[in-house]
Amino acid sequence: MFSLDSRKAFVTGAGGGLGSAIAEALAAQGAAVVLTDLDAAKAAAKASEIGERLPGRTLIPLAMDVTSEESVRDAFVVAKQRLGPIDVMVNVAGIAKIRPLHEMSFGEWREMLSIHLDGTFLGTRYALPDMLERGWGRVICVSSIVADTGVAYEAHYGAAKGGINGLIRSVAREVAPKGVTVNAIAPGYFDTPLSEMIPPEEYRLLTENIAVGRFGKPEEVGALAAYLASDEAAYITGEVIRPHGGFSYGRADLDAAPD
């Protein structure tokens with residue numbers, strides 16, 4: 001089940017924790033994968049690491065800025081030249097920054113929305129035409145549990161992720177009759193490089209509010225993405241799936257307020 005043999009996947013933010021885990025999960029199921037990242041060295045390093053664990057897989061690292069339409073368009077041109085049309089588009093690229101709203105600059109607000117929301121739009125926009133023409137495709141976007149719960153001191157992040165949820169629900173309706181599914185994965189807290197920015201006391205408080213008693217593992221999101229990319233997930237579209245281990249904030253984000 002969940003074979004991705006002959007499928008071609010395109011992953012943004014593949015140099016990061018969740019992006020690289022998703023890229024590896026797709027490759028493990030047989031897909032050829034384009035790994036894109038703003039940092040070309042990170043994309044190349046992850047492609048090399050995955051290649052060592054999965055010899056024989058096709059892994060193509062590319063530098064790409066998800067906030068630049070020209071950069072996204074050019075990356076798709078290269079991907080299509082190397083692999084052919086993309087079957088599976090995974091929008092992962094993102095950042096996280098802690099800033100109280102009353103201290104947040106408009107530039108910080110715009111940066112967050114540009115990377116998360118504009119980047120998701122551009123990746124989806126350039127992947128869809130070939131999917132629609134061939135009558136098969138999978139679009140998977142990484143949102144966050146905070147789009148539902150809210151989170152103190154990261155209003156720009158929560159707003160961007162909420163925008164992704166609205167985007168996927170609308171696009172899913174547009175393309176469903178053409179054999180293309182569009183879904184979002186909205187993780188809770190996972191052990192990734194982004195989680196390393198969490199102060200130790202807040203990390204402890206957050207963990208106490210996760211029913212399973214730990215942060216998630218990136219490969220657990222990777223496995224979910226591989227399923228959503230498969231033929232078996234053809235009846236799932238317009239969904240926001242929330243792997244979070246039974247998480248609720250309580251006062252964890254407030255009790256660890258920045259000074």
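Visitor: Which residues make the nonpolar surface patch of about 220 Å²?

Guide: In this predicted model, the patch is made by Ile 98, Leu 194 and Met 197. One of these residues, Ile 98, is found in the loop that runs between strand E4 (88-91) and helix H4 (106-134).

Visitor: Why does Ile 98 count as partly exposed?

Guide: The relative accessibility of Ile 98 is 33%, and the class runs between the limit for buried, under 20%, and the limit for exposed, over 50%.

Visitor: What makes Asp 87 buried or exposed?

Guide: Asp 87 has a relative accessible area of 4%, and the cut-off for a buried residue is under 20%, so Asp 87 is called buried.

Visitor: Which residues does Asp 87 touch, not counting residues up to four places away in sequence?

Guide: Asp 87 touches Ser 6, Arg 7 and Lys 8, together with Met 131, Arg 134, Trp 136, Gly 137 and Arg 138.

Visitor: How do you know that a polar contact joins the side chains of Asp 87 and Arg 134?

Guide: The distance given for the side chains of Asp 87 and Arg 134 is 2.7 Å, and a polar contact requires N or O atoms within 3.5 Å, so the pair meets the distance criterion. The side chain of Asp 87 also has a polar atom that lies 2.8 Å from the backbone nitrogen of Lys 8.

Visitor: Why is the pairing of Asp 231 with Arg 7 called a salt bridge?

Guide: The closest N and O atoms of Asp 231 and Arg 7 are 3.3 Å apart, and the limit for a salt bridge is 4 Å, so the pair qualifies. This pair links distant parts of the chain, 224 residues apart, with Asp 231 in the loop between helix H8 (218-228) and strand E7 (240-241), and Arg 7 in the segment before strand E1 (8-11). Asp 231 has a relative accessible area of 44%, which makes the residue partly exposed.

Visitor: How many salt bridges does a search of the whole structure find?

Guide: The search finds 12 salt bridges. Among them is the one that Asp 130 forms with Lys 80, where the closest N and O atoms are 3.1 Å apart. Here too the pair links distant parts of the chain, Asp 130 being in helix H4 and Lys 80 in helix H3, 50 residues apart.

Visitor: What makes Asp 130 buried or exposed?

Guide: Asp 130 has a relative accessible area of 17%, which is under the 20% cut-off, and therefore Asp 130 is called buried. For Lys 80 the relative accessible area is 42%, and Lys 80 is partly exposed.

Visitor: How do you know that Glu 111 forms a salt bridge with Lys 97?

Guide: The closest N and O atoms of Glu 111 and Lys 97 are 3.1 Å apart, which is within the 4 Å limit, so the pair counts as a salt bridge. Glu 111 is in helix H4 and Lys 97 in the loop between E4 and H4, 14 residues apart. Glu 111 is partly exposed at 31% relative accessibility, and Lys 97 is partly exposed at 38%. Salt bridges that share partners also join Glu 201, Arg 204 and Glu 208 into one network.

Visitor: What span is expected for helix H6 at 1.5 Å a residue?

Guide: The expected span is 30 Å, and helix H6, with 21 residues at positions 155-175, reaches 31 Å from its first C-alpha to its last, which is close to that value. Its buried residues include His 156, Ala 160, Ile 164, Ile 168 and Val 175, and what covers the buried residues of H6 includes H4 and strand E5 (137-142).

Definitions and conventions. Residues are numbered from 1 along each chain as its sequence is written. This is a predicted model: local features need pLDDT of at least 70, side-chain atom pairs count only at pLDDT 80 or more; totals for chains, interfaces and linings use all residues. Side-chain values use heavy atoms; hydrogens and water are left out. Helices (H or I, at least four residues) and strands (E, at least two) are DSSP runs, numbered from the N terminus. Buried means under 20% relative accessible area, exposed over 50%, partly exposed in between (1.4 Å probe, protein chains only). A polar contact is a pair of N or O atoms within 3.5 Å; within protein, one must be able to donate a hydrogen and the other to accept it, and residues adjacent in sequence count only if both atoms are side-chain atoms. Contact means heavy atoms within 4.5 Å. Patches are made of residues with over 30% relative accessible area and no salt bridge: like charges are joined within 9 Å, nonpolar side chains (Val, Leu, Ile, Met, Phe, Trp, Tyr) within 5 Å. Accessible areas come from the Shrake-Rupley method with a 1.4 Å probe; for residues, only the protein chains shown count as cover. A salt bridge is a side-chain nitrogen of Lys or Arg within 4 Å of a carboxyl oxygen of Asp or Glu. The expected span of a helix is 1.5 Å times one less than its number of residues.
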